[in-house]
Structure formats: structure tokens, C-alpha cells
Amino acid sequence: MATPFPGGGGGVAVMAGTVNPLDPTPSKTCLKNSPVKSPILIFLLFHKAIRSELDGLHRAAVAFATDEESSADIKPLLDRYHFLRAIYKHHCNAEDEVIFPALDIRVKNVALTYSLEHEGESLLFNQLFELLNSNLQNEESYRRELASCTGALQTSISQHMSKEEEQVFPLLIEKFSYEEQASLVWQFLCSIPVNLLAEFLPWLSSSISSDEHQDMHRCLSKVIPEEKLLQQVIFAWVEGIKVSDTHITSKDGSKVPCQDSGPSTLISQIEKGHCTCQSSKTNKRKHMEQNCDLTNSIVSSPIDEILLWHNAMKREFNDIAVAARKIELSGDFSDLSAFDKRLQFIAEVCIFHSIAEDEVIFPAVDTEISFAHEHAEEKIQFDRLRCLIESIQSAGANSSSSEFCMKLCSHADQIMDSILKHFRNEEIQVLPLVREHFSPKRQRELLYNSLCVMPLKLIECVLPWFVGSLSEEEASSFLQNMYMAAPASDSALVTLLSGWACKGRNANVCLSSSITGCCPLNGTAGDVSQPISVRSTMCSTGGKPFCVQSDKEVANGRPVKRGNSVSLKKSVACPPMETVNTLKSSCSNQSCHVPGLGVNGNNLGVSSLTAAKPLRSLSFSPSAPSLNSSLFNWGTDISSSENGCAVRPIDNIFKFHKAIRKDLEYLDVESGKLNGYNETFLRQFIGRFRLLWGLYRAHSNAEDEIVFPELESKETLHNVSHSYMLDHKQEEKLFEDISSVLTELTQLNERMNDTNMSIDQNDALRKYNELATKLQGMCKSIRVTLDQHVYREELELWPLFDKHFSVEEQDKIVGKIIGTTGAEVLQSMLPWVTSALSQEEQNKMMDTWKQATKNTMFSEWLSEWWDGAAASSSHNETSESCTSAGTGGYDNLENVDHTFKPGWKDIFRMNQNELESEIRKVSRDSTLDPRRKDYLIQNLITSRWIASQQKSPQGTTGESSEGEDVLGCSPSFRDPENQVFGCEHYKRNCKLRAACCGKLFTCRFCHDKVSDHLMDRKATAEMMCMKCLNIQPVGPVCRTPSCGELSMAKYYCNICKFFDDERTVYHCPFCNLCRVGQGLGIDFFHCMTCNCCLGTMLADHKCREKGLEINCPICCDFLFTSSATVRGLPCGHYMHSDCFRAYTCSHYICPICSKSMGDMAVYFGMLDALLASEELPEEYRDICQDILCNDCDKKGRAPFHWLYHKCSHCGSYNTKVIKVDSSSHCSTTSNQ
């Protein structure tokens, strides 16, 4: 569905009052209905026809690309794509003008996304036509690129239509009555240009099955107003009826309407005696031929009728300029809305006049003649004047009248001058050529085709306005030229247009009767003579308002009639007020009674969607923009506009889009090089694709699970993200399809390299090239799809964060996203993203990440991982002091530490004064956390003793008692019977050589158990394989050839130097520790405030800053690095799970904050029963006690008891006595 079409139109009933936001995902069961039950489902037939045409065109393009010997002409393919673009373009224009504004009133935040998608599809068409019109058609690369572009276009449009069917259509069915749906479909049809509608409907009929054709026919019978003339016009197009279908030949050779030609011919013969100006019904064509001389006498050349259009528009522009000067003189802006409507109307007339010239007149006269620049400039001037009017209306009382009036008159004069100059040049350059080279018959055909460039709903208002500006002779000549130029199959359409034209005359005489030989009043049978108030437009009703249906009426179940509705905003396609007033009298004379469309006076309202796109987009430029300015450079404009804005935390999430675009470009370009067999290049390509797929999946999951729910949590943003979630599903399917083709290529490559298999190399190479061509098209499709997706996100969603979220809220969102990203993903993602960013962008991104992770060990992990080695310190107490000097890319990350970090040898050489000096230096360092500072000072004080112990190692250790040497160079077993290597703590196949003492231990716990110092496992540089007993650099496998790359454990962490062969473990980059679990974003996430890894079920928890960096309140072990399971309490504090179980055997309050540690309702109920059964001594019964509740933190009063006191606010017994009052009668009145 495609570009908005400013201008109003539409006529379904609107329920007064506001409409609540809706769930954007209603059941799809409604799509199983037929268009007969839900008229809106007729769009499914439109989609089916478009899909069928896209598939056929893509297959033709692929055949053209793969057939190397083909010399077929590409012109048929070009012509078919021209037709498809015209069909799809106007299909989308009508949706943007009618369907989406109506939907946006009932359901907010849905339609804009689909309108933006139409822009992307328009650019795809432009790129495709640039290829089709190029001079490289015989080159193989051109053919493959053409096949890729057609596939990308097919994928983009098919996905767009699928999303509409999944989200938009169910909403329309659910929220619009049958009558409203029918009216929307009718408005849709009336918004398509007449010439295209005459091609679109027959093409649609030929693209669907017979059953679907019958359903469409029945649906249209309900959708089209009951006036038979309108039904004949539409059904003649549907059936593709020619002259022989709608007429029979009389004896004298004239064409006479068939009396009974089925449902497609709904006009019966003209009833005798009903028309006062009726001529013989058997000689109408002969009568027309006799009047030809009359026309020629009035206008020398039919093409001079363009002068009449120019004069009408000049008069209107002159009136607008005069009205602008009146506003300037009076300074009264109260009637500015009427002025705006006049401007919009004449702008539509002028723009469609330009489109007719560009598409009909100029191509016929001379392909080199073009006024495209003038047309574009006029459109810009109209837009500027409209913007000025909008600014005046929005400024209101605060506006500066003199300044606005000067601008208003200036803009009006500029438009007037441009139009006059444009018209004068056309009259001098174009009209003489037409008069000279074309016969009068051909000139009339050009004029008629130019009129048919407009849609029905605009013609209905333009013809009365235009004919009303002509003299009687000029009006008769205009109608006669139209009748003579139209094919006989358009007789019903000409009758309809003539009737609309006659409404612009003040005389009581029907002009069309003297031309057509029949008054349109009697051109239709039966009920046409009855008043047509329900279907009439504002032009035929004299501008009288329609009825409004209230919410109460809707609630009472009263049906809504399409005719009895009102617009929220009048159509911009209606004539100006003076013209409407002129038409009132002529319409009231009922000189011509043709049916109105019923769309111009009724409209659901025009949303911002319509104003967002110019009418000029209806015209197709003869030359498409270059590839450098097409879809693939959308991101340039977005990023350039961002430079002037303040940095927002959420911007860094969108930085990933730049990296995605870079890799998508690689896939698109490099896939074209797979045609020649190259095994090495194929492996590189697959690796790059797998990386992009994995990182894109992480990015899209973060959006679906974190970013989009945050947007939807804002009431005004409901439904805004649903379309993008559908995009993610479709894009994942595209990635899977590409992966499948790459697998086929890999398998085929293996068979071609296998010398043991007998395979036809030529056949295999041909199949390989076919798969490569298919892959290139798929890579083009994924690039186009993702480019459009990220562009729309940046255009629609990006600004919402700045408008609806504070910087702190954005920081939390970024923290949530990062907190669900594991270390392995970050290790792949960060170099991938930074490689696509400038140095400044890298700095900004890393600043935001560090701000979001300020409470964590992320900087430490980043430094250790990027440097590829352990931190320079041998003690874990100095690891926190590693900071980054650079804020951007990793090339700038340096370890800068002004805190003294001595090694054991340095400490041993110090004298007492030097050591005390260093302790004072640490004490004065204000950048250190107080807890960390105390820890460093304590270790420095005891460091000399520890160093001396290192110089004089003890002669006996726990391991030496088992017969090992001093280094412990012997295997240890977790299961001695089964010879399973490891220790009591871990199962692993190696020992670690402690950097502090040089001894070998299976794990750090084994070391700490027998040593008087702690082992820094991150400083470990060597290990011993317990199979070969060789000491070697630490790593995941043994490097000894005899071991055959024996794995030391299933899990190995290069940062923590941690091995585990039993459990599922992951490294958290924010704790900078290895944790037990499947990983961040799977079963755990890292809370940036608490600085701890929590289970995903604890997403809604009470945060306490660095809540885990404390000792267990029961056993006093440091919780952050503890290997035992930790339990979180409802109050936000933590303790070991084992400690919790032991503690709760006798306590139920937190030992830190004294709040209850669980749901105590049952226990408190038991206490209620206990106190009810007790009877206090008489001297205590009237004594009250002031209490403070530990759970709700409120003060209150409770009856005296020596143990239990119930809070009167929350019912908790977790209270404490603060005062005993024995002087007054007990009352439970609270004191806040």
C-alpha cells in the first residue's frame, strides 16, 4: 500500500468522541472471511494479483539472467514493469489517502510505518528502472544485477503486503462496520486516476480465480452506490467490456445501449417522455457528427481548450492574490481556513494539469519538451505557502500580523508570477506544435486523456468549477469535444462527467442534452429521478452538513449509514467557497441529475500522513535517480541531521544500524563474485554472513524484548512497534533462506572437490552458478529489507525517545540491553560496531556504555579482554584500579593507574619509610572507593610479612604429604577409582601454576586451603596437563603432540583462567567473573544498578546500588566473589542460600533492614488467633503502646502485649515498641 496523496476525499461515518487505543494484534481468523462479508478483504484480491505479477516478472528476469545465449529484447519486461509500477503506485496512493487516515483515527501509531514503507518501495522501483534503461544489457553482471533487483522488489512488496494482512486488515475489520468498510473501498476506487482504473480493474479480474471473481463482483455491487450509472461505469471496467459488449448495432448503423446485457450493463433504455430536451434516441451519434461544424466554429483547434484551463486557473490565482491582499489590509486571519481550502483546491488542479502535460501532452508532441523544472518549482511554492498558513494558524494571537501578511502576499505573488510565466511558455512552445502536427480528432483524444489523469473524486469537483468559468458556447464546445474523443465503451463515463459539468452552469437548460442528445437525468433508469441526498457530494447538496453519529448511538447498536456521516476535516478536493456558492443555485435547479460519488463531502479525516507527501509524487520522473542517491544512502541524511543534536544514550543503540548497513553492503556486493568457483572466498563469505546473522539476531532480540516494550509502556505510543516486530520475523526468515542456499553451495563444493565421487563438473558448475545467482538476489533482498527497516526506525522511533524518555530512562534502557549481552557476543560485537564508526562516534558510544555500566567491572573486563592478557597486577585487590584513558575505540584503551601497584619483589625491597609513604599515598587518593581503599591499605601493611613468606617457602604442604614434589607436578583425581582428573572442587584435566608462589594446584581453592595467601587466578600464565605432565602456557587444550589436543575442560575462560568440565558456565563481562548458568540474555541478566547477575524471573526486583558487593550478613563471606549460591530478599539485600535456610528456621526479618523476608500472611494469621485466645490481666488491658512497623515504615498504636504488636496499617507483626502510654485509653489511631 504506497505514497500519500494530499487532498481529502473519503466518506465513511465517523463516531464522535475519542477512540481508545487498540490491541494491534487481533485474531487473524477474520481474514478467512470473503470480501462479501468484509468488504475490506477485497484488498486481498488486489494483493494476490500484485504478487502474481511480481512473481512472473521476477521469473522472467531470472531467466533473462541465467540464459547466457539469450538475446531476447528487454523491452517487454520494461513495459510490464511500467504497468506494475503505475498500478502499485496508485494502489498505494489511494491507501495513503483513504485507508490509513481512517485507520489512524481509530487506532493510533499503526499507519505511519506502512506509509514510510511505500517511500522505500518507490525508490526500489526507481533503481530498477535505472537498470532497465541502462546501456549495459548485454553484460552478464548487468543481467545478474537485474535479477537481484527484481527479487529485492518482490521480497519488499510481498513482505509489506503480508504485514498489512496480519496487522492492518484485521484492525479495519474489527473497528469498522460493514458500511464503513464499503465506503472506504469506494473512496479507494475513487482515488485512483480514471485512466489507470480502467486498466487496473480488468487486470485484476484476469489475475484471480472465477470464484474470487464472483466474490469481488458481489462485493463491488455492495460497495458501489446504488445509482446504476455509477455501477455501469465500474462494472464495464471490471469486465473489460468493449464496444460490442455494451451496444448493439441498429439498422442505420448507430450504436444503441443493450436493453439487457447482464450485471455489467445496468443502464436500461431511455424512458420516453421524461426529458424535455430529448432528441431521437436512435440517431445520437449522427446528431453528434452534425454538430462538429459548430465546435470548429467556436474553437479553431480543439487543443486551444487548454487556454480555457489556463484562463480558469489564472482567474483563481488572481482571486487568491486579491484575498491575500485583503487579509494584509484587514489584518484579520479569522477566514484563513477558507483561504487555505481555496489554495489546496487550485493546487490540486494545477498539479494534475502538470501531470497531464508530463504524461500525455508533452510525450505526444516532442520527447525533448519538458517543463518538469517549472512543475517542481510550482509544487515547492505551493508547499511553502501552505507551511506559512499553518504557521499563522498555529501562532494564533502570538503572531506578528504585519510580518505574516507581508509573507503571505509575497508568496501569493510569487506563485502568480510563476504560473503566468509557465503558461505563457507552454502556449508559445507547445500549442503551435500540437495545432500543426495533430488532427482535430487526435487533439480531442489528448484532451480527453488529460482529463482522465484525474481520479473520479477530483473530477467531480473540478468539472463544475471549470465549466462554471466558461461561456455557454465554450462550455458546449468542451462537452462536445469530450463526447467525440471518448471511445464508445466510455459512453456511461461521459454521461456521468457531462452531468457533473452541467452542475457548474446557472442556466436551467441542460448543456449536455444538446451535445449527447439526451439529458443525464433520464440517462439512468428507475430510481435516478428520486433525490440523491444520501450519495450526493457537497457540490450537489449546496454544502449542507451531514448527520453525525454519536458514541451513544453506536453503543446502542444503531447501524451507521455511509451517506449520513461527517468529515473531521473537509476535503481539500472541493471547490473554493465562491465557486460552491455559485454552484448552489445551479444544483438546486436540478437541470442535470447524475449521481454523486458520495466521497468529497464525507471523510474520516486527513491525518499527518497525507500532509507528509506531495501530490507531485504521483508523477513518475522519466529518469530514476542514480544508485548513489537511492535507498541505500538513506542513512546518510539521518546521521548528518544527528550531528547537531545533543548526545542521547539511546543513540548508541542505533549506531548498530551503521554497522549493519556496512555488512549488508558487503553481502550485496561480494555475493556477485561467487559466480566463479572459489572455495576460499566462499568460506570467507559464509563466515561474514554468520557473524552478521548472529549479531543482528542479538540486536533484534534486544529491541523486541527491551526497547519496544519500553516504547509501548508509554500510553501515547501504544502499537508503535508492532510492525517492526513483524519485520524481525520476516528478516529472520530471509537469513534462514540465505543460510540454506549457502549450505547447498558448501555441499556442492565438497562434492566437486571429492575425487572419489563421479560427478559431471560442467553440470555441477552450472548448478553452482545458478545457486550463486539465486544467492545474489537473496543478499540484495536482505539488504533492501534491512535498509528500509532501520531507516524507518530512525525516522519514526528514534525521535520518540528524545520526546518521551529522560536521559536517565534512556541510560536504564541501554543498561538493560547491555546487561543481557554475554561476553562472547560483546567480543564479536564491539570490534564489528567500532569498525564502522568514526573516532568521534566511538568515543561517544564508549562514554555512554561506561556511564550505563559505571557500577560494574565492565571497564576492567574491557581492558583485560582487549589487551589479550591478564591485568598487570598479581593481586585481585588492584584490578579495580585499571581505568581507560580513551573513551572511544579500543585502540585508545590504555591502563592508566596513579595508584601504587607493587609486586612482591618491589615490596620486599622497600624499607619501612617507603612502605608508609605508599600507604599514605593510597589513603589520600580520592578516586578510590572507601571499601577498596581500606582493603589496599590492609594488604600493604601486611605485605612485607607475606613477601618474606614467599622468600622462605614452607617445607611441607598439603600436596607434598601425598607424595608430590614441591611444585606438585603430579596428577590429582576427582574420582580416583575411575581415574577422572580434577579435585574436590572441579573436574578438569590440568593444574594451574600459581603466579604468587610458583606451585601447581588443581584450582585456586586448593591453593588457598594450604597457603597463607590468596591466589590470583587471572594472573595465571602456565598450566600442567595431567596426562603428559608437561608445563605449558595456559590454554583450552594441551599443546603436547602426544596428547592430540586434549581438551582441558568443556569450558575455558581466557580471562579468569577457569576450567570446568561438568557445569554450564558463562563469563559475565560486568561482574568480570565466571558464573554458573547458560548465559546473559538466556537465563540470567546483569543489573547495572545492583551490579550482579540475576535470574530472568527477577527482572522486576528492588535495586540497591552495588547490592552484592557486601559480606553475607550471616557468615560474613564476600558475596560478590562467592562460589556459593546467593539468594535475593524482597527488600533488596542478599545472603547465601544455605545461610538463608538456616537463618529462617528461627527468624523471618532481614538482619540488615528488619523487613519481612517473605509472605507472612499465614504466620500473622496464626498470631491473630493466638492473641484472640489470650486474656490480658486487667491492669494491662487499657494500656497502649506506640509502635513503628518495619514493613510499611508507619507509626501507630497497638494494645499492650509483652511480645506481639500488630500494625494497624498493613497488619504486620514485624513491629517494635517506641513508647508505652499508660495514661490514656487505648486507641489504634495512627500517627503518620
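This is a predicted model: local features need pLDDT of at least 70, side-chain atom pairs count only at pLDDT 80 or more; totals for chains, interfaces and linings use all residues.
Strand β7, residues 990–993, and strand β9, residues 1022–1025, pair in the antiparallel sense, and four bridges connect them.

Let us continue from β9 to its other partner. Strand β10 covers residues 1031–1033 and is joined to β9 by three bridges, again in an antiparallel arrangement. Here methionine 1023 faces glutamine 1032, which belongs to β10. Together β9 and β10 form a hairpin, with five residues between the two strands. In that turn, leucine 1029 has a positive phi of about 65°.

In what order do the four strands of the open sheet lie? The order is β8-β7-β9-β10, and the pairing is antiparallel. At the edges are β8, residues 1000–1001, and β10, each of which pairs on one side only.

I now turn to the helices. Two packed helices are described by the angle between their axes and by the distance between those axes. I shall present two such pairs.

On the α13 side, the contact is made by Phe345, Ile346, Glu348, Val349 and Phe352. From α18 come Leu458, Cys461, Val462 and Trp465. Sorted by class, this contact of α13 with α18 has eight nonpolar residues, one charged residue and no polar ones.

The second pair is helix α26, residues 651–670, with helix α29, residues 761–804. The angle between them is about 165°, and their axes are 10 Å apart. Why is α26 described as roughly antiparallel to α29? An angle over 145 degrees counts as roughly antiparallel, and the angle of about 165° therefore places α26 roughly antiparallel to α29. The crossing of these two helices is left-handed.

As for the residues involved, α26 contributes, among others, Phe654, His657, Ile660, Arg661 and Leu664. The residues they meet in α29 include Ile782, Arg783, Leu786, Val790, Tyr791 and Trp798. By class, the contact of α26 with α29 has 11 nonpolar, nine charged and one polar residues.

Note on methods. Residues are numbered from 1 along each chain as its sequence is written. Side-chain values use heavy atoms; hydrogens and water are left out. Axes are lines fitted to C-alpha atoms, for helices over the stretch in contact, and angles run from 0 to 180 degrees between N-to-C directions. Angles under 35 degrees count as roughly parallel, over 145 as roughly antiparallel, 65 to 115 as roughly perpendicular and the rest as oblique. A crossing is left-handed if the near helix is turned anticlockwise from the far one by less than a right angle, and right-handed if clockwise. Contact means heavy atoms within 4.5 Å. Ala, Val, Leu, Ile, Met, Phe, Trp, Tyr, Cys and Pro count as nonpolar, Asp, Glu, Lys and Arg as charged, and the others, Gly among them, as polar. Two strands pair if DSSP finds at least two bridges between them.
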